[in-house]
Amino acid sequence: MGVLESIKDFGKYSNQYIAAFTVTLLTLAVIASYGWTSPTLPILLAADSPLPITPDESSWIVSILVLASIAGPVITAWSIDRFGRKYTMLFAALPTIIGWILIGVAESVTVLYISRFLSGISYGMSYASIPIYLGEIASDPIRGSIGTLLTVMAKLGIFIEYSIGPFVGFRTLAWISLTFPVAFVFLFIWMPESPYYLLSQDKADAAEKSLRWLRKRDGIEDELAMMKAAVVRSKQNKGTFRDLLTHGNRRSLIIVLGLGALQQLCGSQAVIAYSQQIFEEVQSGLEAHESSIMMAGIQLVTAAFSSSIVDRAGRRPLLLISTAGCAVGTFVVGLYFFLQQQGVEVQSYSWIPLVVMMLYIISYTIGLATVPFAILGEVFPTNVKAVAAAMYTIVAATVGFGVSKLYQVISDELGTYVSFWIFAVCSALFLIFVFVLVPETKGKPLDQILEEMKSPEKRSLNCSSCCGQRKKFEF
């Protein structure tokens, strides 16, 4: 019965899933450019490199993309309400298309830097715009699963790069990867614009047509009326960066920016960008690229699983489990590298860091990699969503740049274990942050979530089991 219900639900929401899948092809394209470094850097650093680079240059090849992504949200915040969600995302694909072409013809490190910079702009623009579009086209019952599709496609992009990269030249990999943003452009151009944006431009007929296609039914009057009311409120209070600091949005901003920083400080980006080099140090018996492919495959399956349970299990439990898992995983792997550096014989236990790394990536993917994007589309009113998404991406990119650049430096100077223990400490501290501040938004209408964020309900504890009375403890 559960399978039949799932099939029925998919049929009911199929157009929304089609639009979500098509738009997240852009995510696949930009994350593929990030995952490209894992199989490529060992080739470029090798003695017989087709384009010789130094370790310092390799860290810049990784981090320039993240640094450039800071500019993406600035462009998005300006264009998304002027030209719409759809055309902003179509434009976002162009820099990464040029970036892949440059890698395909690159003969110098400088060209690689320029390519990575352009891909970074696409990276930042996509992550600042796609969650908004997904949040605005999704029905309440599937909003979480549609929001996490962004991460599923991201992990698919990494898996493809890891699986193909070790067996082809780095230029050939670039030409293959070029097909992803090109496919996005040719498919997404047929998808509808967000009905919220169309209403904001006084295009009621177009908004109704868009919503009717997305919902696959005619009875959309009530939902359309709610959207109109939300747009009217937004126009009366045009969103700016200053509005994010108001009482009504301040708590949401702290939560979202904290989650953005946590996504980076738990070590995920370093693991993704340098996975093949990390597994070479582990020496588990498997080839480094085989371990990386295994990790990417597990990550993809876990992301797909997470997208199916985020609307059942809830956002908050998944985040708590995920953060705790990252803290334990990075501590254990760091301990292995520490003992290895101290000369302790750990070769017979080399399977432990391999298994723990797989558990780490499961923990990260099931919560931290998926849930923040769903929350981002839920906790802000329409008039400041674009600004909030821009701030989120800027903070995440800034922290991510520091992680991706300093990981190589710290690992070379102090030891890989130091980097992993820093990730462990950060994850442990943010576990408290998630427990104290992040609310549950599962299955709630957007209007209700916004009201609760302005005046959060005081939590209550039922102590009837110990004293026979129901008492409320407020905090």
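Here is a walk through some helix packing and aromatic pairs in this predicted model. Residues are numbered from 1 along each chain as its sequence is written, and side-chain values use heavy atoms, with hydrogens and water left out. Local features need pLDDT of at least 70, side-chain atom pairs count only at pLDDT 80 or more, and totals for chains, interfaces and linings use all residues.

Let's start with helix α4 (residues 37-45) and helix α5 (residues 55-68), whose axes come within 11 Å and cross at roughly 160 degrees. Axes here are lines fitted to C-alpha atoms, for helices over the stretch in contact, with angles running from 0 to 180 degrees between N-to-C directions. Helices are DSSP runs (H or I, at least four residues), numbered from the N terminus. Since angles over 145 degrees count as roughly antiparallel, α4 and α5 are therefore roughly antiparallel to each other. The crossing of α4 past α5 is right-handed, meaning that the near helix is turned clockwise from the far one by less than a right angle.

Which residues of α4 and α5 meet? From α4 come T37, L41 and L45, and from α5 come P55, S58, I61 and V62; contact means heavy atoms within 4.5 Å. By class, that makes five nonpolar, two polar and no charged residues, where Ala, Val, Leu, Ile, Met, Phe, Trp, Tyr, Cys and Pro count as nonpolar, Asp, Glu, Lys and Arg as charged, and the others, Gly among them, as polar. As for cover, seven of the nine residues in α4 are buried, that is, under 20% relative accessible area with a 1.4 Å probe, protein chains only. T37 and L41 are among them.

Next up is α3, which packs against helix α7 (residues 84-105) at an angle of about 30 degrees, with the axes 10 Å apart. This time the crossing is left-handed. On the α3 side you'll find L26, A29, A32 and S33, and on the α7 side M89, A92, A93, T96 and W100. Seven of these contact residues are nonpolar, two are polar and none is charged.

Rings of Phe, Tyr and Trp (its six-membered ring) pair if their centres lie within 6.5 Å; planes under 30 degrees apart count as stacked, over 60 as edge-to-face and the rest as tilted. Y34 and Y123 are tilted, at 6.3 Å centre to centre and 45 degrees between the planes, and both are buried. The count comes to 17 aromatic pairs, and ring pairs also link Y274, Y336, F337, Y407, F420 and F423 into a cluster.

Note on methods: Helices (H or I, at least four residues) and strands (E, at least two) are DSSP runs, numbered from the N terminus. Angles under 35 degrees count as roughly parallel, over 145 as roughly antiparallel, 65 to 115 as roughly perpendicular and the rest as oblique. Buried means under 20% relative accessible area, exposed over 50%, partly exposed in between (1.4 Å probe, protein chains only).
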